[in-house]
Amino acid sequence: MTTTPDPLHFPPRFAWGVATASYQIEGAATEDGRGPSIWDTFSHTPGKVKDGDTGDVACDHYHRLDTDLDLIQALGVNAYRFSVAWPRLQPTGRGPVNPKGLDFYSRLVDGLLTRGITPWLTLYHWDLPQPLQDQGGWPVRDTALAFGDYAAIVADELGDRVQHFITINEPWCAAFLGYGIGIHAPGHRDLAQSYAAAHHLLVGHGLAVQAVRANAPAAQVGITLNLYEGYPATDTLADRAATRRQDGFQNRWYLDPVYGLGYPQDIVDLLGEASPQAQGLVLPGDVELMGVPTDFLGVNMYSRSVIEDAPGEGFLHSRAVRPPESEYTGFDWEVAPQSLTDLMLRLQRDYDPPAIYITENGATYPDTVEADGSVQDAARTRYFQQHIAALQPALDGGAKVAGYFAWSLMDNFEWAEGYEKRFGIVHVDFGTQARTVKQSGRWYQDFLARTKAGVGA
Ligand code: GBH
């Protein structure tokens, strides 16, 4: 199977991985001292998650650690990205470590190292301890301070073995989907609150970077943003300006502060009273704190956006359009591998990160399990081929792409979509918890074997 005539060439020591997140796979939601998170509360609130699904059991990964580690190893990856559930480590979000929670992550890390796989640890993938939400959640600054303390504990306890830390996964989602439009936990709908949350997520990121540096001095640390390259629907000035506004909302609002530039003024102006500045939340020193130097930029990329001017629509006066001739995945997301090339080159040009890691890339399609039990997910397989191939021109053009993580290791709890939307390269039967490597997983396995052997893809 080839998509490009020429074999691909990746830099030496390229990280090839698969990714997961704690609430999406672990289950064991009330075991061994784990406290509740906002996702427990949200998923147990009727009407919030499709079909009333919860992460109570999920992939039961907490109880299947060893066999899941064997599965990861069998794929042939050299890196595994997972997240630590904050309420497993600190059940109320503050105070002493829960030893059983720590023991789980310690066994996970050791199990990876024994198998020759580099652990990539995400500190926050959305499962905020519920008691911290009860005290105001991300819209209050105290949550960022608590997050910095938690980061120090994790770096201190695991930093002897973990050398790659990601502070926050997708602050845009945590802030906007959680506090702005309410489709994610904690389900609030208030634009100003979402910008207060975004500010404290970025402050928390800065504090966490400092905490990792202080407690695990040799480790690399960065943040993961969900970035989508924007394209104007037509070449008119109006559509181009609308695309720039959308880019400010989705991308620059996070990139600019992380690279020390503070918030983009065009979006501050559009937000007016809802901006963190107008709310009095940006304290002296915050621009430096949010922009504390990092070792890499993590990028989660799934699609692109095509934007047209739409006066009066939202505070951005813009709207996403759906190019009819294109190909789409299960969330009605456009398959747009060229935009991955464009995004990498643009990030390198505009922000010059020391390294870029694709910390998530993948697709959901309705999979069919064949009579013989196999899962033929040709569309997902093609999606991975095309996006991995799209990294080649980015590398050739000077983008410092240093790794790629497929989302996801296995089908899991897809947030508000419950278990219906599958992203795994390994199929999970949620009745029996049987794992079956899909066609896409077998393709990735073959690709990695060939790439490591220097044969190209
Ligand atoms: C990432 O979120 C997450 O980091 C990961 O946990 C998740 O499983 C993965 O991507 C796949 O979704 O109405 O089109 O917005 C990306 C943002 C937010 C995408 C929720 C799906 C719901 C459908 N996700 N969104 S949509």
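Which residue just after α13 takes a positive phi? Aspartate 352 does, at about 50°.

## Basis

This is a predicted model, in which local features need pLDDT of at least 70, side-chain atom pairs count only at pLDDT 80 or more, and totals for chains, interfaces and linings use all residues. Residues are numbered from 1 along each chain as its sequence is written, and side-chain values use heavy atoms, with hydrogens and water left out.

## Overall fold

The chain holds 15 helices and 13 strands (DSSP runs numbered from the N terminus: H or I of at least four residues for helices, E of at least two for strands). Its C-alpha trace spans about 60 × 55 × 45 Å along the principal axes.

Of the 457 residues, 62% are buried (under 20% relative accessible area, with a 1.4 Å probe and protein chains only). Among contacts (heavy atoms within 4.5 Å) between residues at least 6 apart in sequence, 77% join residues at least 24 apart.

## Helix α13

Helix α13 covers residues 337-351 and reaches 21 Å from its first C-alpha to its last, close to the 21 Å expected at 1.5 Å a residue (1.5 Å times one less than the number of residues). Its buried residues include Pro337, Leu340, Leu343, Met344, Leu347 and Tyr351, and also Arg346 and Gln348.

Elements covering the buried residues of α13 include the helices α10 (237-258) and α14 (378-396), together with the strands β6 (230-232), β7 (296-300), β10 (356-360) and β11 (401-407).

Key:
Buried means under 20% relative accessible area, exposed over 50%, partly exposed in between (1.4 Å probe, protein chains only).
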